[in-house]
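This report looks at how selected side chains are placed and paired in one protein chain. Please have the viewer open while reading, so that each contact can be followed by eye.

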Amino acid sequence: MTNGVYIGDGDGKFRCLDLETGKPKWTFEADDGFEGAGCLHAGRVYVGCRDAFLYALDQKDGSLAWKYETDGEIYGGALPYTRKDGKSVILIGSYDYFLHCVDAETGKALWKYETQNYVNGTPTIADGTVVFGGCDGIIYAVDMETGMEAKKIDIESYISNTIAVSGGVGYVAHYGNKVIAADLKTGEIKWSFSERDFPFYGSPAVEGDAVYVAGRDKRIRRLNRKTGDSVWAFKARDVVDSSPTIAGKALIAGSDDGRLYAVDKATGKELWSYETGSPVKSSAAVARGRLVIGADDGTVYCFGAE
């Protein structure tokens with residue numbers, strides 16, 4: 001199935017919608033709400049739930065293949081990875097303070113790594129290392145094959161989102177009102193950006209020489225990837241908790257002002273906006289010439305390419 005939209009809601013329903021029509025193809029019901037994004041891998045959809053389970057669902061009909069229980073709520077997204085031995089695994093963080101590595105085929109635990117607080121975001125993999133942060137304010141780099149610690153970097157403020165990694169550097173937007181670039185091998189903080197005393201909830205995006213971030217100061221920003229200097233700042237009308245999505249020449253993000261914004265990546269000028277009438281905290285997905293995003297009132301919007 002290549003034309004499905006897979007999306008969960010706060011009422012415990014995870015759906016597959018037809019990309020062209022928006023009509024439901026199947027619905028799976030859990031005992032609590034879905035907060036994080038699901039992922040597609042080898043004919044299955046993997047998604048974590050607030051009921052503490054990671055679910056593996058058949059991509060075609062939504063039937064349950066297996067479920068894996070953690071000891072805490074799951075708010076972050078699931079991430080697939082194929083190891084050197086050919087085994088596919090799923091990584092998921094939990095409020096039980098662990099990052100879990102699970103066999104994608106069977107749902108059996110392979111290893112888990114303990115932190116000091118909730119693991120809230122989706123992990124990132126770079127060069128065989130899984131990189132993630134949590135509410136203990138630490139960036140973790142863990143060997144994908146063994147689950148053994150490679151590096152810990154204390155940034156002293158909790159991380160609610162996903163760390164962007166490129167060229168051995170982790171780019172983190174955190175609750176201490178800063179965006180930082182950290183060398184994942186040495187632990188050195190290469191630069192730190194802070195302009196206003198508002199936290200960052202959404203994840204950064206990295207492309208070329210740019211780091212894109214959005215914050216609760218109503219700004220969407222482009223920073224210089226090497227120096228952390230501000231290149232431009234676009235001001236929305238309210239908080240921006242939506243993680244910016246790169247789509248061609250545009251940067252897409254939603255706001256609590258009830259609008260979805262498309263901002264020119266080069267200049268920071270508004271290309272277009274769409275009013276939903278409800279806060280947009282989720283992040284856009286872009287595929288097959290479509291842009292899909294959900295709003296807080298339970299409506300899913302699909303936009304076509306220009």
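## Basis of the values

This is a predicted model, in which local features need pLDDT of at least 70 and side-chain atom pairs count only at pLDDT 80 or more, while totals for chains, interfaces and linings use all residues. Residues are numbered from 1 along each chain as its sequence is written, and side-chain values use heavy atoms, with hydrogens and water left out.

Helices (H or I, at least four residues) and strands (E, at least two) are DSSP runs numbered from the N terminus. Buried stands for under 20% relative accessible area, exposed for over 50%, and partly exposed for what lies in between, with a 1.4 Å probe and protein chains only.

## The largest nonpolar core

A nonpolar core is a set of buried Ala, Val, Leu, Ile, Met, Phe, Trp, Tyr and Cys residues joined through side-chain atoms within 4.5 Å. The largest one has 15 residues, and those with the most contacts inside it are Leu91, Trp111, Val130, Phe132, Val142 and Met144. Two or more residues each come from strands E8 (79-82), E9 (88-93), E10 (98-103), E11 (109-114), E13 (129-133) and E14 (138-143), and E14 gives the most, with three residues.

Val142 illustrates the surroundings: when residues up to four places away in sequence are not counted, Val142 touches, among others, Trp111, Tyr113, Val130, Phe132 and Met148. Contact here means heavy atoms within 4.5 Å.

## Aromatic pairs

Rings of Phe, Tyr and Trp (its six-membered ring) pair if their centres lie within 6.5 Å, and planes under 30 degrees apart count as stacked, over 60 as edge-to-face and the rest as tilted. By this rule the count comes to 20 aromatic pairs. One of them is the tilted pair of Trp272 and Phe303, with 5.7 Å centre to centre and 35° between the planes. This pair links distant parts of the chain, with Trp272 in strand E27 and Phe303 in strand E30 (residues 300-304), 31 residues apart. Trp272 counts as partly exposed because its relative accessibility is 26%, whereas Phe303, at 17%, counts as buried.

Ring pairs also link Tyr6, Phe14, Trp26, Phe28, Phe34, Phe53 and Tyr55 into a cluster.

## Salt bridges

A salt bridge is a side-chain nitrogen of Lys or Arg within 4 Å of a carboxyl oxygen of Asp or Glu, and by this rule the count comes to 17 salt bridges. Arg15, in strand E2 (residues 13-18), forms one with Asp9, at 2.8 Å from N to O. Arg15 counts as partly exposed because its relative accessibility is 26%; leaving aside neighbours within four places in sequence, Arg15 is in contact with Val5, Tyr6, Ile7, Asp9, Trp26 and Thr27. The C-alpha atoms of Arg15 and Gly294, 279 residues apart along the chain, are separated by 13 Å.

The side chains of Arg83 and Asp85 also meet in a salt bridge of 2.8 Å, N to O, and Arg83 is buried, with a relative accessible area of 14%. In a further salt bridge, the closest N and O atoms of Arg259 and Glu275 are 3.8 Å apart. That pair links distant parts of the chain, with Arg259 in strand E26 and Glu275 in strand E27, 16 residues apart. Arg259 counts as buried at 18% relative accessibility, whereas Glu275 is exposed, with a relative accessible area of 53%. Salt bridges that share partners join Glu195, Arg196, Asp217 and Arg221 into one network.

Which side chain of opposite charge is nearest to the buried Asp264? The answer is Lys249, 5.2 Å away, and Asp264 has no salt bridge; for charge, Lys and Arg count as positive and Asp and Glu as negative, while His and the chain ends are not counted. Asp264 is found in strand E26 (residues 259-264), and a polar atom of its side chain lies 2.8 Å from the backbone nitrogen of Ala266. Beyond four places in sequence, Asp264 touches Trp232, Lys249, Lys269 and Leu271.

Thr276 is found in the loop between strand E27 (270-275) and strand E28 (285-287), and is buried because its relative accessible area is 13%. A polar atom of the Thr276 side chain lies 2.7 Å from the backbone oxygen of Ser278. Leaving aside neighbours within four places in sequence, Thr276 is in contact with Gly258, Ala295, Asp297 and Tyr301.

Conventions. A polar contact is a pair of N or O atoms within 3.5 Å; within protein, one must be able to donate a hydrogen and the other to accept it, and residues adjacent in sequence count only if both atoms are side-chain atoms.
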